[in-house]
Amino acid sequence: MRAEKKWGFIRFMLTTLFLYALWLLFTASIEPYSLIFGAVGSLLIAALTYNIFIARHQANLRYIIPNPFHLVLYIVILVFFLYQSSIHMVRAVFTGKASPRIVHFRTRLKSDIARMVLANSITITPGTITLDLNDDHLTVHWFFCDTSHAKLAGEKVKGRMERFIGNIWS
Amino acid sequence: MSVREWFALIAFASSVLFGSAGLVGMFRFPDPYSRMQAGGLCGTTAVFSAFIGALILAPNAAIAARVVVIMVFFLVSAPTGSYIVARFTWQSGTPVWKPLAKTKRLSRKKEPT
């Protein structure tokens, strides 16, 4: 019971800190009224939502706190992927050339946040949309499919990104 | 016009380009998944390009930082939106569009369903 309480407190504090950092960034003022109002607001919202923001069963801080250097690197790479895939998509729209298919594969990432980020990255990278994410099993609609082998398809769709995300939430 | 404004103009122009291509794709493809591919992806890139233009035109570092935070949140929220629509389409059992095996292209004629 004690550990449970402690873990709840840590989750609450992390949520509060995150909200307060965002508040400071968006208001960008150091008047006492704004500082106090932000603190009270973030405490209140954290008390209401810390259970959703960080799930109870994610009992490992490395699953929650990202590695900042790898995170920034990953966002830059993701923007590059976004443009590359859009150009592919524009070409497909005008030529009408496509071979859509549903593929299934598994991921080896453990943390919930990492899996969510992987699903979102799959949605914005070359011609793939995540249809379902069930524990570690992903169902993906692939627009430029050229293989029906499950492992190969998984490697082609998510291989690069999974390696990067594994570095962020190791 | 300064160099900065020219770069912003390029960003906004690419936003318009991607946005209209996504719109064309949304009306051109036959099934919901492919329409979502075109509409969702090109829509995301269009809005993202507009944000990059805003970032280039930002007058000082504080506003630029806010634009960057909005961009990161947009990168989280836009795929989530299309994921939700795709998930419900998939769970309601919509079949996937298969192009004709010979050409692998969108045909001009109406395809038998």
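This is a predicted model: local features need pLDDT of at least 70, side-chain atom pairs count only at pLDDT 80 or more; totals for chains, interfaces and linings use all residues.
A salt bridge is taken here as a side-chain nitrogen of Lys or Arg within 4 Å of a carboxyl oxygen of Asp or Glu. Residues are numbered from 1 along each chain as its sequence is written, chains are lettered from A in the order in which they are written, and side-chain values use heavy atoms, with hydrogens and water left out.

**Exercise 1.** Describe the extent of the interface between chain A and chain B.

*Solution.* Begin with contacts (heavy atoms within 4.5 Å): 38 residues of chain A meet 40 residues of chain B. Next, take the buried area, the accessible area (1.4 Å probe) that two parts lose on being put together, summed over both; it is about 3,600 Å², and carbon and sulfur atoms give 72% of it. Finally, Tyr83(A), Val93(A) and Leu131(A) supply 16% of the area that chain A buries against chain B, more than any other three residues.

**Exercise 2.** Identify the salt bridge across this interface.

*Solution.* The rule finds one salt bridge between chain A and chain B. Its partners are Arg87(B) and Asp132(A), whose closest N and O atoms lie 2.7 Å apart.

**Exercise 3.** State the confidence assigned to chain B and to the complex.

*Solution.* Chain B has a mean pLDDT of 83, and 88% of its residues reach 70 or more. For the complex, the predictor gives an ipTM of 0.80 and a pTM of 0.80.

How values were computed: pLDDT is the predictor's confidence in each residue, from 0 to 100.
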